[in-house]
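Trainee: I would like to learn how to read a few features of a protein model. Please give me the general idea each time, and then the case at hand.

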Amino acid sequence: MENLRQPISAAYLADEDSLLESLIAKAKMSPAEEAATGVLARDLVSQLRTGRERRSGVDAFTQEYALSSEEGVVLMCLAEALLRVPDAETQDRLIRDKIAGRSWERHLGHSHSLFVNASTWALMLSGHVVDVADTSRWDFDAIWRRIAARLGEPVIRQAVASAVRLLGRHFVLGRNMDEALKEARPYAERGYRFSFDMLGEAAVTRNDAAGYLERYRGAIRAIRAAWPQRSAPLFERPGISVKLTALHPRFEYTKDHDVLLDLIPPLARLCAEAREANLAITIDAEEAERLDLTLDVFEALGDEEALKNWDGLGIAVQAYQKRALPVISW
């Protein structure tokens, strides 16, 4: 195992051009693989183009405000942040920061969706309400901006929050496990598989870590109750994804001894509960500098007697990292 760790370390700061040359050589497909890939790609593109007119408002919205645009990035920042802000004053400050001064006008008329164009106009209004430097222009735009200004930021806050909630419902299954399990059921019946992940920040204190651990245990119990057919094959059942930074307040390599000492016992018990419920656990990938410690934890769990011969312990690999292939080999 130690010999397999060495290529991981070597790839961490490896020259990217040299590494890419070797990866390109490995990525060559056989003629049969190329033909099959071409057939699949054309089929997927044809289906997407055929279904373009049937897209939902949210689909059209995210197509217009792609993450390749500044406005798309801003909206995704709002989608993640706004609903977690507890007070109205801070929400207003966040709206000023993220909405004001953006080039929303560039998106007007680009989409056939009424939802997109109406949303663009609302974002233009709110952007200029909170960042209008000159109210002396007596043109149509300025009149609308002043009307919106009379409404005030609280009204804008509610409008933006409603739009973000719409986006949130499209990308997040639920606010809690009960909602998520209910929303997941129709997809599961169509063959989808889920690894439930709880949105949250890294633990700052040991009390935080204990709270997150209990939430993960609660998630296992909830999934077990929702999918009681424990005789089904493991990978036809849902599982959960676990963030190690949520389970230890100092999950960093300089604290590796303390982390392994503190974290392995409760994490092994959590995995044993999942195993008993015939559910899989995936250790989430996090910041690149935490990878080595994550692998140490994964290896230590593999040595636990209660987890021997269990296929349900997995680890997420960030495919875009230079270390991806040696990590998979390890």
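Trainee: Where does R5 lie relative to W330?

Mentor: A charge sits over a ring if NZ of Lys or CZ of Arg is within 6 Å of the ring centre and within 35 degrees of the ring normal. In this predicted model, R5 lies over the face of W330, 5.5 Å from the ring centre. Another case is R185, whose charged end is 4.3 Å from the centre of the W227 ring.

Trainee: What should I know about the numbering and the values?

Mentor: Residues are numbered from 1 along each chain as its sequence is written, and side-chain values use heavy atoms, with hydrogens and water left out. Because the model is predicted, local features need pLDDT of at least 70 and side-chain atom pairs count only at pLDDT 80 or more, while totals for chains, interfaces and linings use all residues.

Trainee: What is the average pLDDT of the protein?

Mentor: pLDDT is the predictor's confidence in each residue, from 0 to 100. The protein averages 83, and 78% of the residues score at least 70. Where pLDDT is low, the predicted coordinates should not be read in detail. Residues 132-138 stay under 50, and the model has five contacts (heavy atoms within 4.5 Å) for them beyond four places in sequence.

Trainee: Which salt bridges does R5 form with D292 and E299?

Mentor: A salt bridge is a side-chain nitrogen of Lys or Arg within 4 Å of a carboxyl oxygen of Asp or Glu. The whole structure has 15 of them. R5 meets D292 at 3.5 Å, N to O. This pair links distant parts of the chain, with D292 in helix α13 and R5 in helix α1 (residues 2-12), 287 residues apart. Helices (H or I, at least four residues) and strands (E, at least two) are DSSP runs, numbered from the N terminus. R5 also meets E299 at 4.0 Å, N to O. Since E299 is in helix α13 and R5 in helix α1, that pair ties together parts 294 residues apart in sequence. Bridges that share partners join R5, D292, D296 and E299 into one network.

Trainee: Is R5 buried or exposed?

Mentor: Buried means under 20% relative accessible area, exposed over 50%, and partly exposed in between (1.4 Å probe, protein chains only). R5 has 10% relative accessibility, so R5 counts as buried. D292, at 22%, is partly exposed, and E299, at 30%, is partly exposed.

Trainee: How many aromatic pairs does the structure hold?

Mentor: A pair of aromatic rings is described by the distance of the centres and the angle of the planes. Rings of Phe, Tyr and Trp (its six-membered ring) pair if their centres lie within 6.5 Å; planes under 30 degrees apart count as stacked, over 60 as edge-to-face and the rest as tilted. The structure holds three such pairs. F194 and F196 have ring centres 5.6 Å apart and planes at 15°, so they are stacked. F298 and W330 have centres 6.1 Å apart and planes at 50°, so they are tilted. F298 and W330 are both buried.

Trainee: Which residues have the most contacts inside the largest nonpolar core?

Mentor: In soluble globular proteins, nonpolar side chains tend to be buried together. A nonpolar core is a set of buried Ala, Val, Leu, Ile, Met, Phe, Trp, Tyr and Cys residues joined through side-chain atoms within 4.5 Å. The largest one here has 49 residues, and those with the most contacts inside it are F196, I240, V242, L267, I281 and L301. Its largest share, eight residues, comes from α12.
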